[in-house]
Amino acid sequence: MTIRSYLTATEIAEAVRRGHIRAVDIVRFHLDRISALNPVLNAYTDVVAERALARAASIDIRRQGGESLGPLAGVPFAVKNLFDIAGVTTRAGSAINRDNPPAPRDGELIRRLEAADAILLGGLNMGEYAYDFTGENVHDGNCRNPHDPDHMPGGSSSGSGSATAAGLAPISLGSDTNGSIRVPSSLCGIFGLKPTYGRLTRHGSFPFVDSLDHLGPFARSVTDLALAYDIMQGPDPRDTGCANRVREPVTPDLDQGIGGLRIAAAGGFFNTNGLPEAGAAVSAASRALNVLHGVDVPGAEAGRAAAFIITNAESAAFHRQRLRTRANDFDPDTRDRFLAGSMLPAGWLVRAHQVRRWYLQQVMELFQEVDILIAPAVPFTAPRIGQKTMMLRGEEQAVRPNLGLFTQPVSCIGLPVAAVPVDTGSAMPIGVQVIAPPWREDLALRVARYLERKGVARAAEPKGI
Amino acid sequence: MSGTDFDPDAHIDAVAATTGLTVTAEQRPGVRQFLVLAHRMNAVLEAAPVPPDTLELAPVFCPPERES
């Protein structure tokens, strides 16, 4: 088998397991590609080449010895730099964290993927302390969109979106608190999964908002996304937010199709009037899924406000000591949000938690009638790097907070979402959210796979590199 | 205090010291902007039709079983 760019994880693992290619050669190919493209994209902040090559050599020796290899044999992956990597300082997109000692061990999701014989290539760029939707970073430099490097990749898992879109890692991991997997997936034209809150352990990662942080994978195909997700599942008492649920693999049922599923388009707060790019994506997905009607999502605006207040207050409290002693070492935009968050009245936070519970109850009632909601992921395709305002429904509005307009109300109540890139013929990619009831990642991924098989959803190879 | 009475500068002056934080002149415009935004978000929360005289919060503390 010839090694080429954009091989899927599934293809690589099959070839390595059968001995058609060596893991060492796959890793070298990706390291060479990183050397060539990372100076443009700035997706990677840390490359653990020696570790990756050593692990690849070990896999090849085991294969030659007749050992059966894991389901991700030889598959390179990379992680947002808020994941702990043994021997590497966990920078979490900041300058301040660079003064911390290196992580003593890998984060748990890295350990699980490597137990399946995947190979870690390094840490990926991100917005400072994850409080970002753009991919800009004053400390490590801006990450860039491989479809057009003058444009944002989205954030805060900017490097994850950029790297996987550019073929620098078939699988990457990111985090999503208010949209930080779904926004870069959509702007970079790849698939992303934000699982149910509490599904995947966060042990061994640097937090942002304990009440809202989710970890999840990016990939260029739904099969790869599902495979990585299945391997990472399982309880972990070391993360107090991780649910004590047994693994519920989705891969076996991925090609079941959409028969019997009640699918609706999310309207109301999620309407795409005045947003032609987002509207085209939702329309294309809805047509392919034979969606006949839309539904309002009750309380979505209040849900977004609740997520805003919870995010601001919790993250500010987490950083309070750093704000006291090293305020000038923050990105000014992030710092001023945290300073404001430090001063919110307690009653606002209690009200936010109360509204979050109430909003969840409204949406669970909706899920009595509906199995899947289709919603826009982002209001527009990737803005130019440095762009501060956009026309949104005929008005000039700030880019940064509005990139998460449609994602924030969904993650507020921890619903599982597959971010799916939809082919609309637009110059830059854009995606939709396929939203399922809690703990039904299987349904979201079945619908994503159906859209992929129909040719409506695909991760196009970027032309900008 | 009505929704229009919020004075972010007075709020910063009153509250910053209690949190042990200093807001410099350079930081003030950004902090003010985000406080105004947070205040607007709280107004949306206040308007949500949550049933009165209920207090059901999202986070629920569940004490674990004792390990044997």
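Reader: Which element gives the most to the lining of the second largest pocket?
Author: That is α2(B), with 6 residues. Keep in mind that this is a predicted model.
Reader: How much space lies in that second largest pocket?
Author: About 560 Å³. The pocket has 29 lining residues, and those closest to its centre are A:Arg337, A:Arg400, A:Pro401, B:Gln33 and B:Phe34.
Reader: Which elements give two or more residues to that lining?
Author: From chain A, they are α9 (300-318), α11 (332-341) and α13 (399-402). From chain B, it is α2 (28-47).
Reader: How does the lining of the second largest pocket divide by class?
Author: There are 12 nonpolar, 8 polar and 9 charged residues.
Reader: Now the largest pocket. How much space lies there?
Author: About 1,000 Å³. The lining has 28 residues, and A:Tyr197, A:Thr240, A:Gly241, A:Cys242 and B:Val60 are the closest to the centre.
Reader: Which helix gives the largest share of that lining?
Author: Helix α12 of chain A, residues 346-366, with 3 residues.
Reader: Let's switch to the interface. How many residues are in contact between chain B and chain A?
Author: On the chain B side, 33 residues; on the chain A side, 34.
Reader: What area is buried there?
Author: About 3,000 Å² between the two chains. Carbon and sulfur atoms give 72% of that area.
Reader: Which residues of chain B lose the most area to chain A?
Author: B:Leu21, B:Phe34 and B:Leu45. Together they make up 22% of what the chain B side buries.
Reader: How many salt bridges are counted between the chains?
Author: The count is 0. For polar contacts, the rule finds 10 residue pairs across the interface, both residues at pLDDT 80 or more.
Reader: Which elements of chain B give two or more residues to the side that touches chain A?
Author: α1 (8-15) and α2 of chain B. The largest share, 12 residues, comes from α2(B).
Reader: What classes make up that side of chain B?
Author: It divides into 22 nonpolar, 8 polar and 3 charged residues.
Reader: Last topic, the backbone. Which peptide bond is cis?
Author: The one from A:Gly155 to A:Ser156 is cis, with omega near 10°.
Reader: Where is A:Ser156 found?
Author: In the loop between β3 (119-124) and α5 (158-165) of chain A.
Reader: What is phi of A:Tyr6?
Author: Phi is near 70°, a positive value in a residue other than glycine. A:Tyr6 sits in the segment before α1 (9-18) of chain A.
Reader: Thanks, that covers my list.

Technical notes:
Residues are numbered from 1 along each chain as its sequence is written. Chains are lettered from A and ligands numbered from 1 in the order in which they are written. This is a predicted model: local features need pLDDT of at least 70, side-chain atom pairs count only at pLDDT 80 or more; totals for chains, interfaces and linings use all residues. Side-chain values use heavy atoms; hydrogens and water are left out. On a 1 Å grid over the protein atoms alone, a cavity is a set of points where a 1.4 Å probe fits but cannot get out, and a pocket is an open set with protein on both sides within 12 Å along at least five of seven lines; lining residues have an atom within 4 Å of a point. Grid points are joined across faces, edges and corners, and a volume is the space filled by probe spheres set on the points. Helices (H or I, at least four residues) and strands (E, at least two) are DSSP runs, numbered from the N terminus. Ala, Val, Leu, Ile, Met, Phe, Trp, Tyr, Cys and Pro count as nonpolar, Asp, Glu, Lys and Arg as charged, and the others, Gly among them, as polar. Contact means heavy atoms within 4.5 Å. Buried area is the accessible area (1.4 Å probe) that two parts lose on being put together, summed over both. A salt bridge is a side-chain nitrogen of Lys or Arg within 4 Å of a carboxyl oxygen of Asp or Glu. A polar contact is a pair of N or O atoms within 3.5 Å; within protein, one must be able to donate a hydrogen and the other to accept it, and residues adjacent in sequence count only if both atoms are side-chain atoms.
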